[in-house]
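Biologist: Could you take a close look at the salt bridges and describe them with the criteria spelled out?

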Amino acid sequence: MTARLRLAFLGDIHGNLPALEAALSHLDRTQSPDGVYLTGDLVNRCPWNAEVMDLLQERGWPSIFGNHDLIISRLHTPEIRPPFDERSRFPVMYWTWDHLSAEQIATLHALPAEMTVALDSAPPIRLLHGLPDNPFVGVYPESDPAEIARKFADYTEPVFIGGHTHRPLDRQFGGKHFLNPGSIGLPYNGDPRAQYLTLDLLPGTENGVVGPHWQPTFHRIEYDTSLVPAAFKSSGMLAEAGPVAQLYLRTVLNGEPWASDFGYWLSRQPGRQEDMAAAVEEYLGAYGPGHWAFI
């Protein structure tokens, strides 16, 4: 069946320029989408934040904000709230802010929390980075269906595309279709390739669906991750954040959730935030693939 319309969705780029460039090359060469939308977390945790923002500015694609975009765009303003006002606890976030221009920070600050994509007679799509009114919590493959259906009950769109979890998702909750393209820059599904999603609008009836419907295709794109360690060092990010940045580098290289799992663990360890190097060492001694702090 021939597609009448094709859309692409990219998110959780996290300042990873080589991964973004590889994904865009694949997108341009093989997909020719009619529209591209960004699901947030454009910056932070990789060194090329300004370059990523410049490239996305050139493309001019609509975007919502992710929790990292939200926090960084509000650093050094009255809008920032604990614990994100502690540079020693979030050194990479402050380093990222330091290396963005005022115009780029303003662009992040102006991004909306949600967006509806409504084109022609296609089923409308709602974009949210995480849950409604909470970009810090996402929809997971193992999420409780009743709980997700309740949280999204006020929305009328049949299709939802989110981010935040860094894991591809294709599930039905409460009769609504939930999708996540996975992460461009920091996948958490054990696959370090840059990941994104396309939707093709198909007509007719297929698999019990009557009328036009979206068919998802998930893409995983190889790129040269060997470029990343040197950039972490030469950019100064590694010197600024030390062991914490090393965790982010681990995630880039092996697609495992070191980056966020450590943050989850640390938030439940009172007093350990004073010595981040010791905290990372303690965390690495207890957690890793197959045994994460986050359940």
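Modeller: A salt bridge here is a side-chain nitrogen of Lys or Arg within 4 Å of a carboxyl oxygen of Asp or Glu. The model is a predicted one, in which local features need pLDDT of at least 70 and side-chain atom pairs count only at pLDDT 80 or more, while totals for chains, interfaces and linings use all residues. Residues are numbered from 1 along each chain as its sequence is written, and side-chain values use heavy atoms, with hydrogens and water left out.

Asp 191 forms a salt bridge with Arg 193, where the closest N and O atoms are 2.7 Å apart, and the side chain of Asp 191 also meets that of Arg 220 in a salt bridge, at 3.1 Å from N to O. This second pair links distant parts of the chain, 29 residues apart, since Asp 191 sits in the loop between β7 (176-180) and β8 (194-202) and Arg 220 in strand β9 (residues 213-221); helices (H or I, at least four residues) and strands (E, at least two) are DSSP runs, numbered from the N terminus.

As for accessibility, buried means under 20% relative accessible area, exposed over 50%, and partly exposed in between, with a 1.4 Å probe and protein chains only. Asp 191 has 10% relative accessibility and therefore counts as buried, whereas Arg 193, at 27%, counts as partly exposed, and Arg 220, at 39%, likewise counts as partly exposed.
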